Amino acid sequence: DQPQSNSLRRSECESVSRMVNSNVIRAGGLVIIAGTFYTLYAVFQNCVVDDATNLHVGLVGAGRGSMYNTCSSDSKTLEKLTSVNLANKKATDLKYSFYNINNPKEYLSGSDAVVVEQGPYNLRKYSVVYDVAQNPSTFTAASEPEPNGALEHSTANAYLVLDRDVTATSNLKRNADLSLAFSGSKVTLPVAKRAMASHLSMADSVVNISPDYLSFLGAMNDEVNMILSLVCTSEQIANIGVAGKSQCTSMSEADCACCMMDDDYTLATSRSTNVPPAYTNCNSYFDDEGPILSRLSRLASHDGGVAIKAAGEKKYDGSGNDFTATSFGQTEIHTALVQGHTINDLMFGYPSAYLGNVAFIAQRDQAKQSLVSSLNSTDLAKRMLTGQMDDVISFKLGNIAEYTSKVGAVCFANCLEGEDCSGQAPHRHETSDVDKIKLGGIECKPYTSTFETVAKCTAINAALQNDPNAPGYDACVCANESDEWSSQGCCLAGGEHNGSDLEGEGCLFEVAGVVDPNYVGMDTSIANAVDLGTALQSWTDMEVSNPSSTFMCPALDVTIDEHFMFGQYESYGGKTEHVTFYRTGNDRMRQDDVNNSTSTKYSTPVTGGSGEYFTPKGITVKVGTSQLTDGSPLKLPHLVYIPRAKRSIDFMHEGRRDNYLRNKICGTDTCLESSRLIPNVTVFHMNETVNDGTGMPFDGLQSVGHVSGPSKTGRPEYFHQPLYFDGDETLYTQQDNSYADRADGNGIKIYRPTTDSDPGAFNPSAPGSNYQLVDKAYVDSQNEVLQSHIDIEVASGLGVRQRMRFGTSHSIWECDPSANEKCKVAVNSKGANACYGTAGSTQFNTLADADKDDLTTLGRSNVTYPCSAANLLTPRVVGGKILPMYWYEESTIHKTNEEIDLLAAYADSYQVSGNTWFTVVTFSFVALTVGVSMVLLCMCFEPKHDFMKSNSEETAPLKA
């Protein structure tokens with residue numbers, strides 16, 4: 001029995017051993033499973049949830065709306081926005097392309113305008129903010145608003161012209177209170193290399209419509225009324241054709257007529273056996289060889305106005321005689337409507353002799369009527385010519401007297417070298433005088449009229465010395481109260497020479513450039529360098545401060561509404577909204593839109609930002625990805641405020657690219673997914689519910705003319721994408737003249753060089769020509785170089801880089817006699833004009849039968865009107881045709897490589913978190929497998945099937 005007893009004891013021990021081993025293994029498996037799940041949870045929480053949350057919160061500014069907020073005093077964004085370190089600060093590169101009317105005389109005579117793109121001309125803009133302040137925001141709804149919610153500042157600009165290599169310096173310094181100082185140590189910036197093509201120069205000339213002349217023409221309604229206003233008051237002009245009104249003998253008379261219309265004058269003469277009536281024929285003022293048109297033509301030629309008539313062509317006065325020469329000996333008639341100017345002048349401004357003289361004389365009656373107490377003519381002229389009457393006249397003159405004197409300082413030397421003052425003023429980099437810098441390189445020919453006052457005033461002075469009471473002579477009085485008449489000439493507020501009134505002679509109007517004033521001049525301390533610091537200081541001293549406010553510090557919270565407005569303007573140019581359009585129900589601009597009692601004034605609120613900051617989207621990709629987002633932005637309007645249009649434009653995601661390529665932004669060695677935003681395809685299309693001037697008169701245009709230029713009436717000016725991208729196909733031909741009741745024609749043909757190098761002489765029909773006729777199909781194919789875009793990093797909402805591309809066009813004012821009573825004064829009953837024949841027939845049929853019969857006998861029954869408000873010198877050019885003037889590209893890099901590297905580091909840390917998670921998941925899978933196996937093995941096998949026992953032991957028979 002002993003062996004059996006031992007065997008039983010051994011069996012019991014083995015059974016206990018197996019039970020202990022099974023429990024230990026089962027427990028171990030459970031521990032492994034539990035530990036694995038805990039590890040997975042902990043790593044998931046820390047590396048997936050927490051890391052993603054922390055990154056997301058960081059990108060959206062820890063509840064401030066953006067990581068780029070300026071809430072704290074040590075904000076990197078605030079430091080960057082107020083930086084004056086021009087050596088390291090990113091500048092803005094600008095390219096301007098202008099359009100030259102290649103056939104101005106033919107166009108103004110009724111043929112198609114042939115306009116040729118010219119450029120691009122390159123600038124580099126350096127900007128600094130000044131008058132910086134942090135104020136509570138108007139956007140916030142917080143009960144305790146952030147005191148630094150809105151960042152307010154004005155901006156000063158300085159421009160380098162990249163027609164040569166430029167070395168620039170700066171001495172700017174930012175004080176602790178964020179004010180500017182100009183006493184820092186001078187720093188030399190890296191050399192700015194020439195970017196302009198070798199065949200281009202700032203002295204290149206461009207011929208196009210004069211925008212400021214359009215402004216003046218609108219203020220006067222049309223050319224005929226403008227010319228009459230030089231000799232008559234507005235009341236006297238209104239009395240033309242009114243029965244019972246006698247002929248005026250001076251501008252001081254009331255209740256009389258300025259003159260008699262040519263038809264009435266001729267009819268009255270024929271009925272009185274060829275004895276003229278006791279009236280002045282209005283056409284006598286339109287004699288090409290008379291004093292008025294002779295002076296207008298000469299002033300226009302000084303301003304670069306194109307010739308529209310040569311000797312031998314018929315005169316304007318309806319006499320049928322040939323034009324020989326003006327009273328000044330000119331054998332051509334020039335118009336101020338279309339002028340040629342250098343690129344330098346178009347960009348930065350230039351003087352106008354025509355507007356300086358004519359706009360003053362034509363508005364003397366307006367200014368006089370506004371006076372509470374009377375002034376003598378000289379004192380009134382002084383006030384007008386120094387800008388003190390600008391609030392009461394239609395066309396603002398500004399301080400013409402002071403401007404004329406400054407032009408004299410840079411142009412006087414030219415006058416001593418020839419018959420006139422033609423030639424350029426010293427260039428900006430050749431002088432350090434601020435006033436001379438601003439006028440650097442201007443064409444001086446307009447100053448000819450000013451220099452001529454020296455001879456006239458000297459002769460007056462001599463006559464008065466011989467006889468203080470000499471008839472027809474009165475001493476010269478400069479409007480700026482100087483005695484410059486005796487040396488370089490001046491803008492005259494008084495004087496009489498041989499019976500001729502000299503008020504307004506020699507005066508020069510300041511025409512603003514399409515860019516800005518430019519104060520970048522010579523650095524006197526470093527050879528061959530220009531001084532940016534002094535230029536920016538000059539801007540702050542001489543230009544009007546126009547502060548803008550940006551929402552840069554939302555309230556502290558999570559996903560509140562105001563966070564979506566981060567980086568948007570609260571105001572621009574000191575206003576929260578801007579008047580942009582006067583709606584009258586017409587589909588085209590008219591001279592009386594602004595003053596029409598039936599007009600609806602449309603104001604556009606300031607919305608959107610600069611394109612540098614948008615609402616951040618935060619982390620949106622899976623953990624472990626070396627990106628922050630997939631590049632798809634938030635489905636919100638991405639509004640960007642465009643100052644030139646005085647409105648915001650909605651930029652939208654460009655969509656999926658071919659082959660699923662994504663847009664990238666790159667730092668030093670890492671690229672991130674980003675979104676490219678482009679303008680909404682209908683951005684300048686008609687919106688019937690808003691009626692804000694968009695899409696007038698064609699889709700693709702934004703009417704901005706009501707608030708453009710120096711006149712209260714505005715001018716026909718339009719803002720658009722380059723070459724009317726996304727606009728109506730009609731814009732490339734414009735042959736329809738039905739609105740002017742004329743046969744088709746007088747449209748437009750636009751040409752573009754096909755090479756960046758010198759395209760050669762313009763001859764598009766020649767074999768191998770380097771010029772492309774522009775049509776819609778061509779423009780659509782050029783979207784990469786014509787369309788604006790902004791590249792944004794979606795997670796942070798950061799605008800990294802942008803190219804804003806927009807253009808400006810003009811049209812000549814229309815002058816429809818059926819809608820504009822003043823336009824009827826330009827009637828022609830001999831069919832000499834080509835437009836508004838239906839209105840002419842209607843007008844003729846209102847006459848008495850006897851008058852109709854007599855006029856028909858006289859050959860005056862074919863009543864027509866000129867085709868535009870340029871209704872005397874160029875009556876066949878059709879108003880309302882949109883002609884491009886220029887387009888620009890403004891390239892800005894908002895963020896440096898280092899700032900993109902910071903975002904890339906966020907993405908890398910997110911990837912590391914993901915890699916950690918995936919590694920743990922992998923090991924956890926192995927551990928779970930082991931643990932589950934241990935549990936399952938112990939649960940699924942009988943104790944006798946102890947895997948530690950051999951088969952031989954398990955199968956051996958038990959011996960008795």
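Predicted model: local features only at pLDDT ≥ 70, side-chain atom pairs only at ≥ 80, totals over all residues.
**The chain as a whole**

- The chain holds 22 helices and 32 strands.
- With a radius of gyration of 39 Å, well over the 30 Å that the globule rule gives for 960 residues, the chain is more spread out than a compact globule.
- The C-alpha trace spans about 170 × 70 × 65 Å along its principal axes.
- Of the chain's 960 residues, 51% count as buried.
- Among the contacts in the chain with a separation of 6 or more, 70% come from residues 24 or more positions apart.

**Two helix pairs**

- Two packed helices are described by the angle between their axes and the distance between the axes.
- Helix α7 covers residues 262–271 and helix α20 covers residues 849–857; their axes come within 11 Å and cross at roughly 90°.
- Angles of 65 to 115 degrees count as roughly perpendicular, and α7 and α20 are therefore roughly perpendicular to each other.
- On the α7 side of this pair, Asp263, Leu267 and Arg271 take part, and they meet Ala850, Asp851, Asp854 and Leu855 in α20.
- By class, the residues of the α7 and α20 contact divide into 3 nonpolar, no polar and 4 charged.
- Helix α8 (residues 291–302) and helix α10 (residues 353–362) have axes that come within 7 Å and cross at roughly 145°.
- From α8, the residues Arg295, Leu296, Leu299, Ala300 and His302 meet Ala353, Tyr354, Asn357, Val358 and Ile361 of α10.
- The contact of α8 with α10 has 7 nonpolar, 2 polar and 1 charged residues.

**Back to Ser449**

- Where does Ser449 sit? Its place is in helix α15, which runs over residues 448–466.
- Is Ser449 buried or exposed? Its relative accessible area is 8%, and buried means under 20%, so Ser449 is buried.
- Which residues does Ser449 touch, leaving aside its neighbours within four places in sequence? Ser449 is in contact with Leu299, His302, Ala353, Gly506 and Leu508.

Terms used
Residues numbered from 1 in each chain as written. Heavy atoms only, no water. Helix = DSSP H or I, 4+ residues; strand = E, 2+ residues; numbered from the N terminus. Buried < 20%, exposed > 50% of the residue type's maximum accessible area, 1.4 Å probe, protein only. Contact = heavy atoms within 4.5 Å. Axes fitted to C-alpha atoms, helices over the stretch in contact; angles between N-to-C directions. Parallel < 35°, antiparallel > 145°, perpendicular 65-115°, else oblique. Nonpolar A, V, L, I, M, F, W, Y, C, P; charged D, E, K, R; others polar. Rg over C-alpha atoms; globule rule 2.2 N^0.38 Å.
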